[in-house]
Amino acid sequence: QQSFFVEVVDNRQKILLLAASPHPDLASIRQAIEVNKNYEVTTDFASTFKGNVRDFNVAVLHGMPAKNASSETIIGQLKTASIPILYVLTEQTDIGAFNRAQTLVQINGNGNAKPNDVRVKANGDKFTIFTVEPQTLATLEQLPPLKAPFGSYQTAPNAQTLLLQKVGSTPTTYPLLTYTGASDAKVGVLAGEGIFRWKFYEYKSSQNNNSFNELVTKSIQYLSAKND
């Protein structure tokens, strides 16, 4: 005879999708995250959010910190609680406040200038923190442009950049999607808005969203993974 115990752990990751205002990107991001049944997504806006940030494993901040809304308090709470953050930059983003909120990407330029239309230049051969299928990278390079804040970009020495910006036919060294894992809480930056077009265009071309879903879910998987 032998006695034993089984401990059942709820391993679902709770993701906070917080935005400065309504945007079609939000539904596309949420749907891609929820492809993985281990993720539970809560969507809200900075002006109405009343929850406790400590209840979440990762925060996706769309258009925050915003120019016309006070969201720095929420960002401060996330940082204090060491919650990993994925920033999605939009025309509403206050670039000065964004630069102050994190050290991964710094953008210097005219905050009122028209954003650049940027396409993807894959940087997969220099990216080592997780693997992305070669077909996914090839597909991403064919997708419509995002609108990225105008300016010169600098990344931290420990930045791992998966996607670079391509302006017209000219590849640049500016990050489009980059991450860091050196601090207590991981940070990612997607320097552009309009990824809902990626989802629609991929489905129109191939009748699936495999590449889009892989990009989003692997980003969340990396940010939510514990360092140990």
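A: Here it is; one term is needed at the outset: two residues are in contact when heavy atoms lie within 4.5 Å. Please note that this is a predicted model.

Q: With that in mind, what share of contacts between residues at least 6 apart in sequence join residues at least 24 apart?
A: The share is 75% in this protein.

Q: Which secondary structure elements are there, and how many?
A: The protein has six helices and 11 strands.

Q: What about overall dimensions: how far does the C-alpha trace span along its principal axes?
A: The spans are about 70 × 40 × 35 Å.

Q: Let us turn to helix 1. Which of its residues are buried?
A: Helix 1 covers residues 24–33, and Asp25, Leu26, Ser28, Ile29, Ala32 and Ile33 are buried there.

Q: What do those buried residues pack against?
A: Their partners are strand 1 (13–19), strand 2 (39–45), strand 3 (58–62), helix 5 and helix 6.

Q: At what angle do the axes of helix 5 and helix 6 cross?
A: The axes of helix 5 (residues 195–206) and helix 6 (residues 210–224) cross at roughly 145° and come within 8 Å.

Q: Which residues meet there?
A: From helix 5, Ile195, Trp198, Lys199 and Glu202 meet Asn210, Ser211, Phe212 and Leu215 of helix 6. The residues of this contact comprise four nonpolar, two polar and two charged.

Key. Residues numbered from 1 in each chain as written. Predicted model: local features only at pLDDT ≥ 70, side-chain atom pairs only at ≥ 80, totals over all residues. Heavy atoms only, no water. Axes fitted to C-alpha atoms, helices over the stretch in contact; angles between N-to-C directions. Helix = DSSP H or I, 4+ residues; strand = E, 2+ residues; numbered from the N terminus. Nonpolar A, V, L, I, M, F, W, Y, C, P; charged D, E, K, R; others polar. Buried < 20%, exposed > 50% of the residue type's maximum accessible area, 1.4 Å probe, protein only.
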